[in-house]
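Welcome! Have a look at the sequence and the 3D view, then try the exercises with us.

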Amino acid sequence: METEDQHEAGAGGAVVKASAKPAPPKRWYIVHIHSGYESKVQKSLLERARNAGHEAEFDEILIPEENVVEVVKGEKRTSKRKFFPGYILVHMNLTDETWHIVNDTPKVTGFVGGGERPAPIPDEDVDKMTEKMREGAEKPKPKIIFEEGEAVRVITGPFANFNGYVDEVLADKERVRVMVQVFGRSTPVVLDYIHVEKS
């Protein structure tokens with residue numbers, strides 16, 4: 001009599017095992033951690049998975065962040081800003097062993113969605129986030145956001161060192177219209193965010 005995993009082959013009665021079941025597809029999970037330790041947890045988690053022989057159960061550990069640009073002392077600097085400080089996304093096969101590997105990693109407080117079986121998040125949501133990250137890498141966003149009526153100082157170009165106030169924020173173009181005093185008259189000047197600073 002055959003079992004589910006075996007069948008008889010030919011007259012010799014040799015028994016052949018059927019191929020093993022394919023591994024279940026990996027899913028995305030949100031993991032809550034101590035804010036500021038995202039990169040450290042990312043490295044520790046991969047190391048712990050490797051040491052426990054479960055590296056194949058983890059595909060990717062994502063820190064959702066974007067590039068931002070700011071001007072510091074007249075120099076343009078690019079840095080990273082996290083979308084969700086204190087959270088990382090882990091693409092993994094969730095088993096009892098991998099659940100413990102994640103939860104026992106230092107600075108991890110647990111899966112979002114709690115319990116022994118946290119709910120995965122849809123791939124589409126992660127795709128949108130990675131697209132936003134890609135856009136941020138190609139075109140860094142300004143770190144500082146301006147508001148109408150705010151006092152600012154122009155830091156580059158022909159109006160450098162002029163003071164004024166924000167008359168209009170053109171957020172979609174990342175520009176502001178600033179009213180500056182030129183020869184005693186209020187004059188509107190449209191500038192990129194990085195050409196002005198809050199005064």
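Predicted model: local features only at pLDDT ≥ 70, side-chain atom pairs only at ≥ 80, totals over all residues.

Residues are numbered from 1 along each chain as its sequence is written, and side-chain values use heavy atoms, leaving out hydrogens and water.

**Exercise 1.** Find which residues of helix H1 are buried and which are exposed on the other side.

Solution. Start with the cut-offs: buried means under 20% relative accessible area, exposed over 50%, and partly exposed in between (1.4 Å probe, protein chains only). In H1, the residues Glu38, Val41, Leu45 and Ala49 are buried. They cover an arc of only 65° around the axis, so they sit on the same side of H1; the arc is that of the directions from the helix axis to the C-beta atoms. Lys40, Lys43 and Asn51 are exposed on the other side of H1.

**Exercise 2.** Do likewise for helix H3 (residues 123-138).

Solution. First, the buried residues of H3 are Val126, Met129, Met133 and Gly136. Their arc around the axis is only 80°, which puts them on the same side of H3. Next, turn to the other side of H3, where Glu124, Lys128 and Glu138 are exposed.

**Exercise 3.** Locate valine 112 and say how exposed the residue is.

Solution. Look in the loop between strand S8 (108-111) and H3 for valine 112. With a relative accessible area of 35%, valine 112 is partly exposed.

Note on methods: Helix = DSSP H or I, 4+ residues; strand = E, 2+ residues; numbered from the N terminus. Expected span 1.5 Å × (residues − 1).
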